[in-house]
Amino acid sequence: MTSVTVQGSGLARAAPDEATLELTVQALRPTPAEALAEVAARGDELVRLCDQLGISSERRVTSGATVAEHGEHVDGRWQHRGYQAENRLLVRVEEPELAGRLLAAAVDRAQAKVAGPWWSVARDNPARLEACREAARDARRKAEAYAEALGARLGAIVAVREPGTRAGWPEPRGDTVRFSVAAAASPPLEGGELAASASVEVEWALEQG
């Protein structure tokens, strides 16, 4: 059997459904216990802040916690500076205005470092399905073009494979926004419009025209 296999891609735009912020608290102290105690206290303040803003525990996850010796090289020699503890909290919020309030309050009340926001489109957003439909239409257009150029026509569909779908922008790494305690005003956060994309691989049987 002669067949043709093509890959179609689709794109649909939608307003983001939620934003994710990474809140990090750090402390450098002479002993591991002191560093950990301070980070724990500031981490508790972040939890209280989320509770006060109505952000449920299901939308919060600790993404990392460390305690390690800290130092630096001076004139080629390692100089011990103490112990650094760190705790990172990922928080998902649905309203840009709430994300701004959380960002400002986390800096003001817990002296947190903030990364993000990272915007995303929910799995049940209609834009995802529209992107899939467009990918299928794109695959058919390509297959028909190949068939016409070869003097054939499309027959039955043999196989359909989905390489993957995604929505939103890739999460940046190491791109941390640092705010001083004085920057307590809520900054305006704009979600804009995201692209939900999809791709599909379809194989058609070819019939002689």
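A salt bridge is counted here where a side-chain nitrogen of Lys or Arg comes within 4 Å of a carboxyl oxygen of Asp or Glu. By that criterion, the structure holds 21 salt bridges. The model is a predicted one, in which local features need pLDDT of at least 70 and side-chain atom pairs count only at pLDDT 80 or more, while totals for chains, interfaces and linings use all residues. Residues are numbered from 1 along each chain as its sequence is written, and side-chain values use heavy atoms, with hydrogens and water left out.

The chain contains three helices and eight strands (DSSP runs of H or I, at least four residues, and of E, at least two, numbered from the N terminus). Along the sequence, these elements follow the pattern β-β-α-β-β-α-β-α-β-β-β. Of the 209 residues, 39% are buried (under 20% relative accessible area, with exposed over 50% and partly exposed in between; 1.4 Å probe, protein chains only).

Arg-133 is partly exposed at 44% relative accessibility, and Glu-130 is partly exposed at 32%.

Arg-140 pairs with Glu-144, with the closest N and O atoms 3.5 Å apart; these two are four residues apart in helix H3, about one helical turn. A further salt bridge joins Arg-141 and Glu-134 at 2.8 Å, N to O. Finally, a network of salt bridges links Glu-130, Arg-133, Glu-134, Arg-137, Asp-138, Arg-141 and Lys-142.
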